[in-house]
Amino acid sequence: MDTMRDRFIATTSQLLGEEPRLAVVLADISADGFAPARRAHPDRVINVGIREQLLIGAGAGMALTGMRPIVHTFASFLVERPFEQVKLDFGHQGVGGILVSAGGSYDWPAGGFTHMAPGDVALLDTLDGWTVHVPGHPDEAEALLREAVDGDDRVYVRLSLQANREARPVGGGTGFSVVREGRGGSVVAVGPMLDNVLAATEGLDVSVLYATTVRPFDAAGLRRAVGAGPGADVVLVEPYLAGTSTARANEALVELPHRVLGLGVGRAELRRYGRMDEHLAAHGLDPQGLRERITGFLRA
Amino acid sequence: MTNTTAAPVRGLRHSPDFHDLGRLISLMTGAEKHAPAAHSTMDALWVLYDRVLRVTPATADDPGRDRFLLSKGHGPMAYYAVLAAHGFFGEDVLRGFGTYGSPLGHHPDRLLVPGAEIGSGSLGHGLPLAVGTVLGLRAQGLTDPRVWVLVGDAELDEGSNHEAIAHAGPAGLEQLHTLVIDNASATHGWPGGIASRFEAAGWSAVTVDGRDHEALHTAFTAPHPGRPRAVVARVEPKG
């Protein structure tokens with residue numbers, strides 16, 4: 001299977017031939033992958049070098065002229081390092097654009113903490129008007145990217161090497177989808193966490209929802225899911241900082257007595273290298289760790 | 001420029017006059033007299049809008065217009081006065097400067113100020129946005145419009161400017177023009193001169209007297225084929 005990043009490069013390279021308003025701005029990351037597209041569209045595939053403040057500013061400047069920019073690098077250098085550029089050059093200037101990140105929370109664990117961005121979605125959550133997509137499969141990444149290219153708004157697409165075995169229908173504003181129905185609580189799996197959540201909840205009487213678009217948060221979908229059962233107990237399983245969407249779930253359920261457990265990547269820096277499965281286990285996001293915490297919380 | 005709260009003036013009663021700018025600024029400050037020289041950007045802004053930029057209230061949304069990006073958003077009174085003098089909005093708007101209901105803040109907001117291409121205030125954002133604007137125009141085949149961005153010598157302390165300067169030279173962004181208003185306010189100065197920073201990155205650069213309208217005009221309009229252009233306008237050191 002190709003990676004989400006492979007699919008992003010292939011899809012975008014194709015869309016450049018179909019959408020004259022589309023542009024790609026890079027800061028060396030993925031420049032090799034985009035080299036053929038750059039040869040075909042030298043004025044619309046721009047590599048500014050290792051300059052992430054300029055990366056965001058130049059993308060936003062292109063948007064000021066009516067272009068639809070896709071701006072891409074690793075999540076830590078796309079959202080965290082030039083955060084004020086994201087806030088002002090897109091948000092305050094009132095223009096749209098698509099930020100596509102790679103690397104996720106720990107796609108390259110041996111690279112260490114400098115290349116980990118578990119806080120990217122929480123950071124964007126301080127800003128208004130960003131749609132946040134967290135695909136769980138390359139097919140989903142492609143569908144969500146195509147949808148983003150058709151729009152004019154501000155969109156963040158979080159790509160990761162972590163992926164589910166099978167793709168699901170996503171996008172189109174359909175909200176969270178119901179993967180499994182049960183009565184003992186609801187578990188919301190975000191993007192690449194779905195396979196582990198399904199394994200962790202095997203045989204449990206719980207509902208499992210699947211979310212790839214987390215902003216806007218599908219409050220109505222969550223209310224529908226908890227409304228079907230006797231209690232409003234909700235577990236959120238996110239592939240980035242634990243608790244990132246807890247406040248959104250609380251707002252969605254404000255009219256109901258409810259409990260929310262937010263699972264995800266821990267705040268403490270592990271200072272470990274190794275492999276992704278080791279980091280998933282260390283943060284309790286492997287099937288066994290998830291099952292222990294989900295059953296403990298839901299008493300399922 | 002959508003969502004504006006101040007409408008352009010239809011037909012100026014008289015042609016814009018540099019000597020009227022002091023009066024327009026007085027409308028914002030409430031002070032009786034205001035010498036244009038009190039504002040570091042005044043003369044360069046005047047020459048740009050009067051004789052260089054191909055943009056009017058009627059063409060403020062035209063894709064082919066020249067663009068002026070005020071990056072140094074601090075102290076925008078001279079900018080507002082020049083825009084009002086050229087009819088981008090009525091001079092009555094100036095009286096509300098900085099008040100809750102006014103479109104004119106102590107830093108400009110492009111969604112509120114007719115004629116403002118960017119909102120600014122946080123230093124170091126305009127030059128990267130100007131680079132992107134040139135790239136966006138070029139990608140649409142619009143190679144005629146020129147893009148100007150005004151920065152201050154102290155604003156150049158921000159590293160984001162140097163990312164933009166270092167990229168724009170080798171990229172050959174001929175449509176890009178940076179006007180540096182140098183009132184010697186950078187804390188550590190620029191040993192070797194500001195223009196040399198641009199020249200080293202492949203720009204065409206010149207340093208002129210920022211109060212001399214003819215010298216400014218000559219510097220603004222000199223050809224610079226294949227290279228971006230920087231004009232360093234020296235004014236009195238900030239007191």
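Reply: In this predicted model, the C-alpha centres of domain 1 of chain A and domain 2 of chain A lie 27 Å apart. Domain 1 of chain A covers residues 4–158, and domain 2 of chain A covers 177–298. Where they touch, domain 1 of chain A puts in 23 residues and domain 2 of chain A puts in 21.

Look at the domain 1 side of that contact in chain A. Three elements of chain A each supply at least two residues there: α6 (120–124), β5 (130–133) and α7 (138–150). Which of them gives the most? It is β5(A), with four residues. By class, this side of domain 1 of chain A has twelve nonpolar, seven polar and four charged residues.

Now follow β5(A) into its sheet. The sheet is open and has seven strands, in the order β2-β1-β3-β4-β6-β5-β10 (chain A). Its pairing is mixed. The edges are β2 (45–47) and β10 (213–215) of chain A. Each edge strand has a single partner strand, so one side of each has no neighbour in the sheet. On average, neighbouring strands here are turned by 20 degrees against each other, direction ignored.

The join between β5(A) and β10(A) consists of two bridges, and these strands run antiparallel. What is the bridge partner of A:H133 in β10(A)? It is A:T213. A helix also packs on this sheet: α3 (residues 52–64) of chain A. Helix α3 of chain A touches β1 (22–26), β2, β3 (68–74) and β4 (97–102) of chain A. The direction of α3 in chain A makes about 165 degrees with that of β3(A).

Next, step across to the other chain. Chain B has 22 residues in contact with 24 residues of chain A. On the chain B side, α4 (126–139) and α5 (159–171) each supply at least two residues. Helix α4(B) gives the most, with eleven residues. The residues on this side of chain B divide into ten nonpolar, nine polar and three charged.

Six bridges tie β4(B) to β5 (residues 229–234) of chain B.

Finish with a helix pair in chain B. The axes of α2 (residues 42–52) and α7 (residues 213–221) of chain B come within 10 Å and cross at roughly 60 degrees. The two helices are therefore oblique to each other. Their crossing is right-handed. Among the contact residues are B:V47 and B:L48 of α2(B) and B:L216 and B:F220 of α7(B). In this contact, six residues are nonpolar, three are polar and two are charged.

Conventions:
Residues numbered from 1 in each chain as written. Chains lettered and ligands numbered in written order. Predicted model: local features only at pLDDT ≥ 70, side-chain atom pairs only at ≥ 80, totals over all residues. Axes fitted to C-alpha atoms, helices over the stretch in contact; angles between N-to-C directions. Parallel < 35°, antiparallel > 145°, perpendicular 65-115°, else oblique. Left-handed = near helix turned anticlockwise from the far one by under 90°. Contact = placed C-beta atoms within 7 Å. Nonpolar A, V, L, I, M, F, W, Y, C, P; charged D, E, K, R; others polar. Domains from an automatic or database assignment. Pairing = 2+ DSSP bridges.
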